[in-house]
Amino acid sequence: MEKKLNTTDTIRVFADKFLDHINTPLLVINDDLTVCCANRAYCAKFTVQRESVENRPIHELEDGMWVKHEAGILLKRVLAEDKGFNNLEICIRKKMHPHYFILSANPTEFDKKLILVTIEDITEKRRTEQRLQNIKTHEETLKKQLLEIAISNKKLEDKNRLLESLLRSIPEGIMITDKENRVQALSCYFEHLFGIDPQRIQKAGEKERTRLMNLYAPGGEEVSHKDLPLAKVINEKKPIDNYELLFKQNGQSRHVTINAAPIFDSEGEIKGAVGVWTDITDRKKAQVALHENEQRFRTMFENHRAVMLLIEAHSGKIVDANKAASLFYGYTKDELRLKTIEEINMLPPPKVHEERLNALKENRSYFVFPHKLKNNRIRWVEVYSSPVITDSKELLFSVIHDITSKKTAEEALRNSEARFNTVFEAMSEGVLVFDTFEKVVMANRAITDVFGFEEIKHIRDARGLFFSSFHFFSPDGELIDSDNWPVTRVLRGRSVKNFEVWMRKKNSSQRWFLSISGEPIRDEEQKQILGLIVIRDITEKKKIQEETDRRAAEQEAIFSSLPNGYVIYNTDGTVAKMNDEARRVIGYQDIMVSMSYKQRMRFIRVETPDGKKYPVDQLPSWRALHNGETVRNEVMHIVHSKGSYWISASASPILSRESKITGVVMQFADVTPMVTLQQQLESRAAELLRANEYLEAFSYSVSHDLRGPLNTIEGFVSILREDYLHDIDKDGQDLLERILNNVKKAKNLIDDILNLSKIGSLEVKREKVNVSEMVFEYLNELKENQPDRVVRFEVEKDITVDADPHLLHIAIENILRNSWKFTSKKDRGIIRFGRTKKDSRYVYFLKDNGVGFDSSYAENIFEPFKRVHIQSEYGGTGIGLSIVRRAIERHGGTIWAEGEVGKGARFYFTLGD
């Protein structure tokens with residue numbers, strides 16, 4: 001017969017064929033929010049095995065993150081309304097880092113009680129957005145940075161122009177030598193260049209000249225006169241260009257370049273050389289400065305947190321972008337360089353023109369545009385642009401400031417003001433704001449409700465407003481004048497906190513209680529500009545306080561009269577409160593109240609049930625105070641000067657709203673009579689144990705003594721049947737057969753009595769037992785003994801229980817033998833074994849279609865020797881079901897029977913598992 005797939009099998013097939021091929025993490029949960037299936041993507045994403053996820057409640061997965069926030073409510077609503085939800089974003093913290101997920105849940109098409117949950121990890125996306133939002137700049141800082149950039153550019157331009165001017169007009173030194181490298185002529189600039197009289201240079205030899213001019217290689221090494229350009233030109237007879245040397249003048253190093261050429265006569269013979277000495281010190285410095293400025297600009301451009309773009313002015317093409325721009329827009333730099341600014345700016349050209357005109361009218365140095373990011377999100381930005389000319393190309397240097405948060409804040413401010421006005425009017429406390437001339441500036445509806453005014457705004461006299469209609473009194477009944485009124489105090493610059501008064505209308509006896517607080521409002525220079533008072537009607541609070549005081553008194557009376565002892569400890573271990581029963585049993589005296597635990601132990605001895613001294617750090621109140629434990633029913637022996645008592649103590653920490661321990665409450669009961677009774681019961685139990693041992697010995701002795709005569713009788717009858725059968729007539733043979741049958745019955749009865757007595761003393765050793773196999777094996781054994789009987793066995797497979805195999809086998813044999821016996825007169829017997837569930841516990845059953853019994857005898861059939869059928873028809877000792885009940889009860893279970901005459905019997909039992 002084709003096996004029908006259950007829901008779990010269907011889901012597993014669905015997962016193998018479809019869900020495991022989807023890269024998105026998926027869960028399938030049933031109507032009690034238990035996970036039926038998790039696909040491979042889910043297991044890979046959260047690094048779990050499928051077996052550890054499936055068949056577990058969803059709130060146990062990932063620390064319950066899938067049902068936190070509103071996800072749990074929505075999942076239940078999906079089941080209740082058969083309507084899914086999509087794109088629910090949740091945020092959890094794992095290892096102190098936030099992770100973001102998108103949840104969607106929808107009923108499956110093939111089973112509406114199953115929900116398909118998809119989980120999309122958007123953590124990286126959110127982290128990127130978070131990093132972009134963290135790029136904050138302020139307008140003033142930006143202006144300062146732009147000014148610094150402009151100044152740097154101006155200095156760079158000035159230095160470049162200066163460098164170009166110097167290069168055009170710089171004087172040069174000319175030196176002419178003969179073929180022996182003796183100086184023949186010098187330009188006057190040498191004196192300016194080297195600070196040496198040209199005559200000295202001209203008269204000096206090669207070595208001396210090198211020393212006088214203080215020449216070095218560019219790296220600072222000394223140079224030989226033979227390596228100088230003019231000497232080389234003479235020796236090598238070819239020109240040298242831009243030979244660079246270093247010389248020192250007035251303690252400073254300067255750079256020169258030398259261009260040298262040989263001088264030939266008309267015959268081509270070397271006559272000497274000419275060298276042009278050019279001071280390039282300033283050019284060197286300018287090159288270094290230019291390089292440093294370029295590096296500073298590039299470093300600033302690349303690393304600045306502000307978004308920066310270089311844009312071609314005429315085409316709008318983005319030429320370059322910094323890292324901040326790449327992070328902000330979500331594009332790589334190469335992707336940005338392929339775009340134009342019009343692809344990012346979402347305003348159409350007419351609107352762009354309109355914004356530029358508005359900036360001109362409002363004298364703004366920036367434009368406000370909506371820019372689209374790579375993820376298609378729109379961010380509002382302020383764009384600061386200035387022209388830059390480079391390589392004959394006009395560029396716009398644009399600094400972009402994200403003002404989305406500012407726009408949101410402005411909108412939030414408007415909403416906040418609206419909410420403030422709503423809250424201000426909805427406040428239950430009356431609020432009055434007035435200026436220093438006592439003119440009312442603001443008043444909410446509550447203040448008019450408290451005093452019954454119709455309109456009080458713009459009234460000049462804020463004090464007279466109240467005293468014209470009411471009398472005010474202090475809590476002790478003294479009349480309050482206007483000089484002591486809170487409005488007056490606030491106008492004098494003083495704060496008022498919870499100023500309590502009661503008032504009544506003039507010509508009226510009805511009273512109201514008020515609590516008034518007030519503060520002066522000051523400007524930045526601490527000058528008072530306004531006054532504020534808040535008036536709260538505390539009439540009901542006063543009534544509640546009176547009721548609270550009354551109840552506190554009642555609770556104190558109840559606390560004192562409680563039959564159990566109660567002690568409340570402070571955090572330092574001292575006693576805050578205790579009732580009379582605690583004083584009596586624990587023996588606390590007034591002097592001990594302020595003592596610590598260890599100090600009190602000098603007057604009181606606390607013992608464990610086995611007579612040892614109780615450690616202080618194991619006392620229930622100590623554990624509750626220092627460990628935050630809730631200790632229940634700890635039995636201890638208290639000994640002090642006024643007596644000794646056994647108590648059962650419990651203690652629990654008293655927690656504040658912030659879950660901080662503020663004290664400990666301990667309650668205990670005087671169990672001295674119970675302990676005395678328990679000791680008596682233990683003594684009685686020991687006596688019963690000894691009696692059971694005597695009873696077992698007696699049972700064994702009786703069974704042994706009875707078996708001896710029965711065996712003798714059986715032996716003699718067997719001899720008579722074997723040796724003298726031909727001498728005994730038919731009636732005698734029948735009597736011998738009866739004797740043997742009764743001897744057999746007596747032996748079976750002895751065996752059953754022994755089994756019944758032994759069951760009570762056997763130790764129950766539980767292990768896993770396949771009871772289905774046990775039932776099936778014994779039924780087959782019964783069938784082998786009576787192969788001619790037609791009986792159908794229906795045994796549920798693989799029922800495994802936690803039980804003692806020996807005791808369970810005794811019970812199964814007896815109850816099956818009972819069903820086998822009482823179906824013997826049926827042409828086609830049926831014996832069925834299985835289990836069902838009742839109140840979350842397994843109940844096992846055995847049913848047959850035998851003769852049945854009257855249900856009114858359902859309890860009697862388990863009593864020894866109580867029969868509901870004639871013994872001659874069905875035999876048996878009458879003890880079998882008694883043995884079954886004893887074996888089941890030894891497992892902590894129960895057994896009961898149901899039946900109808902002619903319709904079979906049904907036995908149900910549990911095993912305490």
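**Close-up A. Arg789 lies over the face of Trp820 in this predicted model.** Arg789 is placed 4.1 Å from the ring centre of Trp820. A charge sits over a ring if NZ of Lys or CZ of Arg is within 6 Å of the ring centre and within 35 degrees of the ring normal. The model is predicted, with residues numbered from 1 along each chain as its sequence is written, and side-chain values use heavy atoms, with hydrogens and water left out. Local features need pLDDT of at least 70 and side-chain atom pairs count only at pLDDT 80 or more, whereas totals for chains, interfaces and linings use all residues.

**Close-up B. The charged end of Lys407 sits over the ring of Trp380.** The distance from this charged end to the ring centre of Trp380 is 4.5 Å.

**Close-up C. Tyr42 and Phe46 form a tilted aromatic pair.** Rings of Phe, Tyr and Trp (its six-membered ring) pair if their centres lie within 6.5 Å; planes under 30 degrees apart count as stacked, over 60 as edge-to-face and the rest as tilted. By this rule there are 13 aromatic pairs. The ring centres of Tyr42 and Phe46 are 4.7 Å apart and the planes meet at 45 degrees, so the pair is tilted. Tyr42, at 1% relative accessibility, is buried, and Phe46 is buried at 8% (buried: under 20% relative accessible area, exposed: over 50%, partly exposed: in between; 1.4 Å probe, protein chains only). Together with Phe101, Tyr42 and Phe46 form one aromatic cluster.

**Close-up D. Phe328 and Tyr329 form an edge-to-face aromatic pair.** Their ring centres are 4.9 Å apart, with 75 degrees between the planes. Both Phe328 and Tyr329 are buried.
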